[in-house]
Amino acid sequence: MGQFRFKRFSIDDSRCGMKVGTDGVLLGAWADVEGVKNVIDIGCGSGLISLMMAQRIPDADIVGVEIDGDACMDAISNVESSPWRERIRIVNCDIADFNEVMKSPLLILSNPPFFTEALHSPDSTRSLARHGEEFGVKELVELSAGFMRSESDSLAFIAPAGRDDEIEFMLSLHRLEVRRRTTVYSREGKAPFRSLWQVGKDRGVDGGSIENSYLCIRDKENHLTKEYLNLTSDFYLDK
């Protein structure tokens, strides 16, 4: 239990409240990493996204920040067992207390606690990880804006679908603009269930256009779509 094998690394999440799932893999595979030299993985959990970034960006320095000590133990073990242990640091602290100055171009990533689910998990650790009683998208946007120093810096995160207006309002408060956004459907014909966002500093009226797209994970026959398989092909073991 708690062991996941990917093509170039493995994950043990047995002590981590937030288990490996599709959301983290989607975000790690989807984020635009062109030109990135430094990465902060906020709420890194067992280290999944940090390891995906190390695989995707051969020369990047990566910091995974995680408040939960047990999750950090998993992340440290997973990093030490990977080919990229020299480039990934796991820091056990509240992201609000993380005060290192990260050089540009910087990519901040987070699979943040969801703020729309009504029912809480019976497990208190997982409940906190999922529902964000102390940290959610609002706090993520606010803190990330403080880390960004230039227009080359960006924040990528995944959120529940149907909250676009809320998120865009939070971004505007911190003078951030949407660069990319993908609406995710679990299956063709169903309502969207996630949105992937990549945002950066507001470039003013002459700023670039927004790249909007959509992704279906499964088709109407419940088969994984070509688009999803292509996106994640560098990570998932061949079925």
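A disulfide, for this talk, is a pair of cysteine sulfur atoms within 2.5 Å. By that rule, the count here comes to 0 disulfides.

Before the details, some ground rules. This is a predicted model, in which local features need pLDDT of at least 70 and side-chain atom pairs count only at pLDDT 80 or more, while totals for chains, interfaces and linings use all residues. Residues are numbered from 1 along each chain as its sequence is written, and side-chain values use heavy atoms, with hydrogens and water left out.

Back to the cysteines. The closest cysteine sulfur to that of C16 is in C44, 8.1 Å away, which is too far for a bond. For C72 the closest one is also in C44, at 5.6 Å, again too far for a bond. C16 counts as buried because its relative accessibility is 4%, and C72 counts as buried at 3%. Buried means under 20% relative accessible area, exposed over 50%, and partly exposed in between, with a 1.4 Å probe and protein chains only.

Next, the helices and strands. These are DSSP runs numbered from the N terminus: helices are H or I with at least four residues, strands are E with at least two.

From β4 the chain passes through helix α3, residues 69-80, to β5, in a right-handed β-α-β crossover. Right-handed means that, with the strands pointing away from the viewer, the path from the first strand over the helix to the second runs clockwise.
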